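Reader: I would like to learn how to read a model like this one. Where do we begin?

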Amino acid sequence: YGMSLNETLISVTLNAAYALNRSKTNGSLEVGKRADCVLIRAPDWRHIVYQFGDTHHLIRSVIKDGQVIYEV
C-alpha cells in the first residue's frame, strides 16, 4: 500500500484505537492507558516486519493489563 514502516506501526496502534473509539485507553504507551504489549528480542523495532510469520523466537515477554503473562 506504499506505507512506510512508521506509518504502518501508527495505523495498527494509535489509529486503530482511535477508529474503535478507544484512543483514551489504548493505542499508545502512556501513563493511565492499558499496558498491553509484546517485548521482542531484535536489534531494531523494524526487524519484526522482516520476520513476519516467524516471530516466536523473537518474543521475550507478553504484557496484558500491565501484568507479565508470558516470559521466556
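Author: With the elements. Helices are DSSP runs of H or I with at least four residues, strands are E runs of at least two, and both are numbered from the N terminus. The model here is predicted. Trp 45 shows the labels in use: its place is in the loop between β1 (37–40) and α3 (47–50).

Reader: How many helices and strands does the chain have, and in which order do the elements run?

Author: The count is three helices and three strands. Read from the N terminus, the order is α-α-β-α-β-β.

Reader: What does the C-alpha trace span along its principal axes?

Author: About 35 × 35 × 20 Å.

Reader: Where is Thr 13 found?

Author: In the loop between α1 (5–12) and α2 (14–19). Thr 13 is partly exposed because its relative accessibility is 29%. Compare sequence and space next: Thr 13 and Val 49 are 36 residues apart along the chain, and 15 Å separates their C-alpha atoms.

Reader: Which helix holds Leu 14, and what does Leu 14 touch?

Author: Leu 14 lies in helix α2. Leaving out residues up to four places away in sequence, Leu 14 touches Gly 27, Ser 28 and Lys 33. A touch here needs heavy atoms within 4.5 Å. Leu 14 is partly exposed, since its relative accessible area is 33%. Glu 30 is 16 residues from Leu 14 in sequence, with 11 Å from C-alpha to C-alpha.

Reader: And contacts over the chain: what share joins residues at least 24 apart?

Author: The share is 33%, taken among contacts between residues at least 6 apart in sequence.

Reader: Last, charge. How many positive and negative side chains are there, and how far apart are the centres of the two sets?

Author: There are 8 positive and 7 negative side chains. The centres of the two sets lie 6 Å apart.

Note on methods
Residues are numbered from 1 along each chain as its sequence is written. This is a predicted model: local features need pLDDT of at least 70, side-chain atom pairs count only at pLDDT 80 or more; totals for chains, interfaces and linings use all residues. Side-chain values use heavy atoms; hydrogens and water are left out. Lys and Arg count as positive and Asp and Glu as negative; His and the chain ends are not counted. The place of a charge is taken as NZ of Lys, CZ of Arg, CG of Asp or CD of Glu. Buried means under 20% relative accessible area, exposed over 50%, partly exposed in between (1.4 Å probe, protein chains only).
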